[in-house]
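Welcome! Please take a moment with the sequence and the structure below, and then we will walk through some features together.

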Amino acid sequence: MEGSTPPSYSTISPSFPWEDEDEDLILDDMPSDLENTLHLLSITIYSIAFLLGTIGNGLVIWIAGFRMKRTVNTVWFLNLAIADFIFTFFLPLSITYTALDFHWPFGTLLCKFNSTIAFLNLFASVFLLTVISADRCISVVRPVWSQNHRTPRLASIVAVFIWITAFILCSPYLAFRDTDKDNYSNVTHCYNNYAFSDDFEDDEVIAIRSTRHQIMISVRFLCGFLLPFGLIVVFYSLMALKLRRSHLAWSSRPFRVMAAVVAVFFLCWFPYHVFSVLEVVMHHWESQELRTAVLIGSPLATSLAYFNSCLNPFLYVFLGRDFKESLRRSLLSAFERAFSEEPGKHSDSHGKSRTLSDQESHFT
C-alpha cells in the first residue's frame, strides 16, 4: 500500500528505534508540550555526547594508539575508544533526524548504516568489557599462566574476533532498516521494515513483522546485556573469592578504572534494555499505563545509552586519584597512569605491602 504510514514511523528515538508495531501507539497520544520537551532533551544530550565523545575518545585513540607503549591494557581501552568514537562521530545524523521531527533526508544507505553503527557500538563495547573482566580474572586467579601468555598480540587477535562477532549480530539492521516517503506530508522516515513490505494491514505481514521484531529484541537483550553481565558477575566473584582466600586486596589503578567503566556501562544501558523488553510485553498485555511509560521512558533511556559513549575518557582521567591532582596533570600522563601495566600492591594478613609478582606463589 504505497504511501501508507507504518506505525513505527512514530518512533521517538532515531538510532535505537522504538520499534513498536501497534498502530495506536503514536506520538499523537502524547501532549505536544511533553513531546517537544523530550525532543529538545534528546537533541541536547545527543549534542553533548557528540562533542565530548568525539573529542574525548579521539584523544584516547591518539594517546593509547600512538603515544603509549603497546600493552594488553592499551589494546583493550583503544578498542573501546574506537567503538565509542565511531558511534559519536555519526551522532549528527540522529541529531538532525530528531530536530527535523523524524524526517530522514540522508537516503536509505545511511539509514541502514546509522542503526548498524549504533548496535555495533553496543555489542563491541559489551563484549570488550566482558573480555577485559575475564582478563583481569585470569590475572588474579592464574597469575603465572597470565604472565606467560598475556600478550598485546593475543589481545589484538581477541579484539578482532570481538569486532567480527559484533558485526554479525548487528548486520540484520543492514537488511531491516528502510526508508519510505509519506506522500501526504512529504516526510521520509527511517524505520525497521521487518517484513520487507509496505503493507501494514495484511494479517500475515503483521505476524511476520511482530515475530522478527521480538526475535531482534530478544537477541539484543540476551547477547548485548544479560549474558555478558552474568559472565562479568562470575569473573568478579572469582576474583573476590581468590583475593579473600589469599588475604590480599587488589588496589591497582587499571583494575579500578576497568571496574568503573563496566559499572557505568551497565547503569547507562540497563534502562534501555528494560524498555525494549517492555515494548515486547505491550504486544501481549494491553495497558494504557504501560504504553505511556514506554512512550515517555524510551527516549530518556535511549539518551542515557547515548551518553555512555562519552563518559569513559573522563573515567580514565579522573578515577583513582585526587580530583585537583588530575586537573594539574597532563592528558598524556593521566592516560598513561590509567592504562599502566604496573602491578598493584597487596596487603597480607599481617599488614605487609607486597606486589602481585611477589605473591604469585599464593595464586598457583
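## Reading the model

In this report, a residue is called buried when its relative accessible area is under 20%, exposed when it is over 50%, and partly exposed in between, using a 1.4 Å probe and protein chains only. Accessible areas are computed with the Shrake-Rupley method, and for residues only the protein chains shown count as cover.

This is a predicted model, in which local features need pLDDT of at least 70 and side-chain atom pairs count only at pLDDT 80 or more, while totals for chains, interfaces and linings use all residues. Residues are numbered from 1 along each chain as its sequence is written, and side-chain values use heavy atoms, with hydrogens and water left out.

## The disulfide

A disulfide is a covalent bond between the sulfur atoms of two cysteines. Here it is assigned to a pair of cysteine sulfur atoms within 2.5 Å, and the count by this rule comes to 1 disulfide. The partners are Cys 111 and Cys 190, with sulfur atoms 1.9 Å apart. Cys 111 belongs to helix H4 (residues 107-141) and Cys 190 to strand S2 (residues 187-192), so their pairing ties together parts that are 79 residues apart in sequence. Helices (H or I, at least four residues) and strands (E, at least two) are DSSP runs, numbered from the N terminus. The torsion about the S-S bond of Cys 111 and Cys 190 is about 85 degrees, so this disulfide is right-handed.

Is Cys 111 buried or exposed? Cys 111 is buried, because its relative accessible area is 0%. Cys 190 is buried as well, with a relative accessible area of 3%. Contact means heavy atoms within 4.5 Å. Leaving aside neighbours within four places in sequence, Cys 111 is in contact with Trp 104, Arg 177, Asp 178, Thr 179, Cys 190 and Tyr 191. The C-alpha atoms of Cys 111 and His 189 are separated by 9.1 Å, although these residues are 78 apart along the chain.

## Two cysteines without a disulfide

Cys 268 is buried, at 6% relative accessibility. Cys 268 is in no disulfide, and the nearest cysteine sulfur, that of Cys 310, is 8.7 Å away. Cys 310 is buried too, with a relative accessible area of 1%.

## A salt bridge

A salt bridge is a side-chain nitrogen of Lys or Arg within 4 Å of a carboxyl oxygen of Asp or Glu. By this rule there is 1 salt bridge. It joins Asp 135 and Arg 150, whose closest N and O atoms are 2.7 Å apart. Asp 135 lies in helix H4 and Arg 150 in the loop between helix H5 (143-149) and H6, so this pair ties together parts that are 15 residues apart in sequence. Asp 135 is buried, with a relative accessible area of 11%.

## The nonpolar cores

A nonpolar core is a set of buried Ala, Val, Leu, Ile, Met, Phe, Trp, Tyr and Cys residues joined through side-chain atoms within 4.5 Å. The largest one has 58 residues, and Leu 80, Leu 129 and Tyr 316 have the most contacts inside it. Helix H4 gives the largest share of this core, 14 residues. Not counting residues up to four places away in sequence, Leu 129 touches Leu 80, Ile 232, Val 261, Val 262 and Phe 265. Another core, of 8 residues, lies apart from it and includes Ala 49, Phe 87, Ile 95 and Ala 118.
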